[in-house]
Structures are given as C-alpha cells and as structure tokens.
Amino acid sequence: MIENILGWLTLILILLVILFKTKDSDVLKFLLVAFMLRAFLVILDNYYFSLPGGTADAKGYVVQAQKISEEHGLAILLNMFQSENNFFISRIISIFFTLTNNNSEMMAQGISVALGTTSVYLVYRLSLLLWNKDAAIKAAWIMSLHPSMVLFSALVLKEAYVTFFLLLTLIPTILFIRKLNDTKEIKLKNKRYYLL
C-alpha cells in the first residue's frame with residue numbers, strides 16, 4: 001500500500017512541476033499530453049494488467065535496485081560509475097529507495113515518467129536550436145505520442161534513461177558547434193577587413 005502511495009506522490013509531483021514551471025501554453029499542451037499518457041500506462045500496469053515489456057528487464061532493474069539499496073544505501077553514490085555490473089539504472093533508483101526507505105516499483109516507474117516527459121521537452125529545445133518554433137513543437141508532439149517512447153517511459157527500462165542523457169548532451173554539443181561557427185565567421189570577416 002505504501003509503495004503505491006509513493007508512486008502516486010511521484011506522479012503528482014511531476015504534474016505540479018509541469019503546471020507551475022511551464023509558462024508557454026504550446027509547450028504546456030504537449031508536456032501534459034506526454035505526462036498523462038505515460039502516467040496512464042503506469043496506472044494500468046500497477047492496477048489492471050502488466051504492460052508488454054514490463055516483466056523480465058523492468059522487474060530485474062527494480063529487484064537489483066532493492067538489493068543495492070539494502071547492501072549499500074547512500075554509499076552507492078561514491079562508486080556510482082565504478083561498479084562492474086551493468087545496473088546503472090538500478091543504482092540511480094536505489095538512491096530513491098534508500099531516501100524514502102521503501103522499495104516502490106511505482107515510484108521507480110514515476111522516475112521513468114519524469115525522464116520520458118523531460119525528454120519530450122529536451123527534443124523541443126534541441127529542435128528549437130536547429131530549426132524554428134513550429135518545427136520544434138511538431139518534433140515534441142511526435143516524441144510525446146510515439147508509442148514505443150510512451151511505453152518505455154512508463155516502465156523501468158534503460159531506453160528512458162539513455163534517451164534523456166543523450167538529449168541532455170546533444171543540446172550543449174549543438175551550442176558548442178554554433179559558438180565555433182560564430183567564431184570562425186568573425187575571424188573570416190576580420191581577415192577580409194584587413195585585406196581591404
């Protein structure tokens with residue numbers, strides 16, 4: 001029972017952050033749709049039937065997170081990137097399990113929902129850097145409604161984490177490339193000016 005309460009609190013917290021932090025109404029629309037779809041699937045998975053893909057890997061990550069939480073607690077922060085096994089996702093989830101003193105699978109799914117919904121926003125930001133606002137909104141809507149992205153963001157799977165971290169690194173990469181291009185253009189203009 002307490003596990004599901006933590007899951008519900010996680011989903012409510014995500015919704016409140018979206019509602020209070022999003023100022024642009026166009027962005028708010030696709031973020032709410034992205035969140036609602038993912039949250040709906042989490043509720044289906046916990047109360048009605050298991051979602052496809054929500055058994056072996058998804059359960060395995062949660063079980064591993066429980067073990068890590070029990071064995072290491074917050075000490076896992078010291079060797080987050082040094083462990084031999086492939087359970088980086090489980091190490092992240094174990095931190096929340098330790099902090100709440102509870103192993104809530106629904107809370108772990110809520111973390112995936114948060115990452116999936118944030119990824120939709122990051123697609124918007126990345127597209128805005130590359131094109132214009134109309135293209136960015138279209139790209140964000142595609143990301144919001146893409147069936148496999150919705151499903152993988154509602155389960156404890158690595159896809160939501162990989163997508164989030166990939167997008168998070170692409171944005172500064174694009175900004176860096178733009179800055180390099182701007183610097184080259186300034187140097188070229190200065191050369192032309194001195195040649196004249």
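Author: Helices are DSSP runs of H or I with at least four residues, strands are runs of E with at least two, and both are numbered from the N terminus. This is a predicted model, so local features need pLDDT of at least 70, side-chain atom pairs count only at pLDDT 80 or more, and totals for chains, interfaces and linings use all residues. Residues are numbered from 1 along each chain as its sequence is written, and side-chain values use heavy atoms, with hydrogens and water left out.

Reader: Okay, which residues of α4 are buried?

Author: I89, S90, R91, I92, I93, S94, I95 and F97.

Reader: And how many residues does α4 have?

Author: It has 13, covering residues 88-100.

Reader: What follows it?

Author: N101, whose phi is positive, near 55°.

Reader: Back to I93. What is it in contact with?

Author: Leaving aside neighbours within four places in sequence, I93 is in contact with A65, A108, V156 and Y161. Contact here means heavy atoms within 4.5 Å.

Reader: How many residues has the largest nonpolar core?

Author: 55, and those with the most contacts inside it are F30 and I93. α1, α2, α3, α4, α5, α6, α7 and α8 each supply at least two residues of this core, and the largest share, 12 residues, comes from α5. A nonpolar core is a set of buried Ala, Val, Leu, Ile, Met, Phe, Trp, Tyr and Cys residues joined through side-chain atoms within 4.5 Å.

Reader: Zooming out, how many helices and strands are there?

Author: 8 helices and 0 strands. Buried residues make up 41% of the 196 in the chain.

Reader: And what about the contacts in the chain, how much comes from residues 24 or more positions apart?

Author: They account for 74% of the contacts with a separation of 6 or more.

Reader: Last one: is I12 buried or partly exposed?

Author: Partly exposed, with a relative accessible area of 43%. I12 is found in helix α1.

Technical notes: Buried < 20%, exposed > 50% of the residue type's maximum accessible area, 1.4 Å probe, protein only. Expected span 1.5 Å × (residues − 1).
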